[in-house]
Amino acid sequence: MAENSLPASQSHSIINLEDVSVEYRVPQEQIGTFKEYTIRLLEGKVKHRVFKALNGINLSVFQGEVFGFIGQNGAGKSTLLKLVARVLRPTRGRILVRGHVAPLLEVGAGFHPELTGRENVYLNGAMLGFSHKEMEVKFPRIVEFSELGDFIDAPIRTYSSGMLARLGFAVATDSQPDILIVDEVLSVGDEAFQHKSFERIQSIKSQGATILFVSHAMSSIETMCQRAAWIHHGKIVSVGNANEVVDRYLGRVYDEETIHLIEDSHRGFHTNEGRDSIKISQVKILNNQNSEQHIFHTGETMKLQINYQAFQPIDSLEVGLAIHRQDGVHLTGPNTTFDGLDIKVNPGFGGVVYSIPSLPLLEGLYNITVALVNRDGNLILDYQDRFYSFRIENRGHKFPEKYGLMTLGGKWKLL
Amino acid sequence: MKVQPALPVIYDSTRRGSAVIEELREVLNYHHLIWQLVRRDILARYKRSFLGVAWTMLNPLGMMLVWTIAFSQFFKSSSLPSYPAYVLSGLLAWTFFSQTTTASMVNLIWGGGLLNRIYIPRASFALAAQGTGLVNLSLSLIPLLVVMLITGLPIHFSFIFIPVSVLVICAFALGVGLLISTWAVYFPDISEMYQIILVAWMFLTPIMYPEQILPEAYRVYITMLNPMYHMVKLFRIPTYYGRFPTLEEFLIPFMIALVTLILGWVVFARKSDEFAYRI
């Protein structure tokens, strides 16, 4: 994927990764003790497996941009950030970093519980590479930002987790780094402080810093970042405009979900083995073109095709459906009798289709129940409870409504 | 603010000299951190208990008392004019060694979470442990002086040699500390094992007994081949014995310490890039 969509002419690249790989040698079995290791070594049984945490990464990040990293857990995002922070060295390839890197430390990392807030600030500052003198200049600002007041001279074991988070954030962001690494730590403290920390990051950014941002919250990636990279199994799958990368990533996530939904639908199980007059043989969720689909958008056409196999003649068959939202809300229960369809079945195969011209449902996951009923005597012949699923997803379809569970398709008019 | 045309390259993963030299350079860059770590250790100790730093002095004194009561009759010898001072001087050197080596290892393992998040020179922990040990040792010289005065040993001019002795022991302890820290990163049970080794090692070193009581047949193994024998002796000479060491008495421990330190530093620095994967 080409690195595009940012006017590169106005910026210099500040981080360069050239064909970077990181390999871990993992023992095939966990060898925890020295004794065990020695025995294995003597037996020549210490086998290692090479695990590629990152594999041939090429990436340039430009000065002043906010760059996001997305991907599943274990995809290699954090490993990549650690390379930039000098914590890890690459097994292969080259990393160039121009400027001072400040990682946003995990809350309270390196804080000692018995020491006061003041003492911990100096210690933490030293870990970030600042001398005592430099910290003396920063100290009043840090106290002010963290809103700790007199608590700064109390041992930090007496602090609440919110206070710790504020102090940690204040120390880490007081300096104006060239590159700030933010690894999912923005969700600390109360809402007011979250807002404040967001503003602090914005101001660091406005002063020309480059920010590397990792999050599982796609909305934060989209609002914070200009560009993003999607990392999967140690490789960059996609890099470019943040919105586009997020779209591709979510598309893939939904594709995988679709595969699961389809697999589930074809598992085939029967709650009604005993009454062997008729059985549901297949249920398909189809789109306008009569091909199977499991993710729809509001307003799309959906067809539910139910096939059955009869073993005896049935005079008055009723095919019924129920659609539930995943949390159990019953939305609708159409059946062939309501529609005036009279079905007489002879032994053999048959089927019906229920067409919904324009789905009124809003985003969510929905389950379908199918039932075959003999209207004479009101006897349930076969029944599959919430066995089929589909998702409504409006991303990319510009459907504006999002409150509640359905659209009534109404129109507004100015009087 | 930072709108310079292009920032200079400050980190290039391929441009790198020997890991051994680089670790040394970074440790010098981060001397503030090492100082802060020492401060943290001492402040934390001071805060945790009512008597605080006084324990640094009371602890070896208590140990000395116990051993004196238990063994002074047993090891009575004309060559030991003041058994309490003999035990205490040996104990100070030994405690310094055992505490700093253990702390190097423990600090690296427990403080290691930091290594995963931020770059700090990995040897900082071992160096800070030495710093803390030096502060503790300096404080415990006070009870040693008191005990020597009470038991009637003269305070000799040779006391000024103590810093040299201590530096040699410190170099040895740092070397050992770095070596066992490296192993402990790979095998967590090393730290348990080391505690047992320390006990055995202490009993094999003439600390509470005079070396003369050792059977002639084993004496050479227990003394000459035991580096801590030379270290303890180097500390006792200017304090308990009240004289300056001979050239040989100085050069043997000095060479042992130098070789151990270089070996420890090289092994540690070469392996330290892997630590972040392991801890």
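1. A residue is termed buried if 20 or more other C-beta atoms, placed from the backbone, lie within 10 Å of its own, exposed if 12 or fewer do, and partly exposed in between. Helices (H or I, at least four residues) and strands (E, at least two) are DSSP runs numbered from the N terminus.

2. This is a predicted model, in which local features need pLDDT of at least 70 and side-chain atom pairs count only at pLDDT 80 or more, while totals for chains, interfaces and linings use all residues. Residues are numbered from 1 along each chain as its sequence is written, and chains are lettered from A and ligands numbered from 1 in the order in which they are written.

3. In chain B, the face of helix H3 turned away from its buried side carries the exposed residues B:Ala54, B:Gly62, B:Val66, B:Ile69 and B:Ala70. The buried residues of H3(B) are B:Thr56, B:Pro60, B:Met64, B:Trp67 and B:Thr68. Seen down the helix axis, these buried residues fall within an arc of 105 degrees (taken over the directions from the axis to the C-beta atoms), so they line one face of H3(B). They pack against H4 (83-110) and H5 of chain B, a contact being two C-beta atoms, placed from the backbone, within 7 Å.

4. Helices H5 (residues 124-150) and H6 (residues 162-186) of chain B pack at about 145 degrees, with axes 10 Å apart; axes are lines fitted to C-alpha atoms over the stretch in contact, and angles run from 0 to 180 degrees between N-to-C directions. Among the residues that meet are B:Leu134 and B:Leu137 in H5(B) and B:Leu174 and B:Leu178 in H6(B).

5. Chain A comprises 8 helices and 18 strands. Buried residues make up 34% of its 415 residues.
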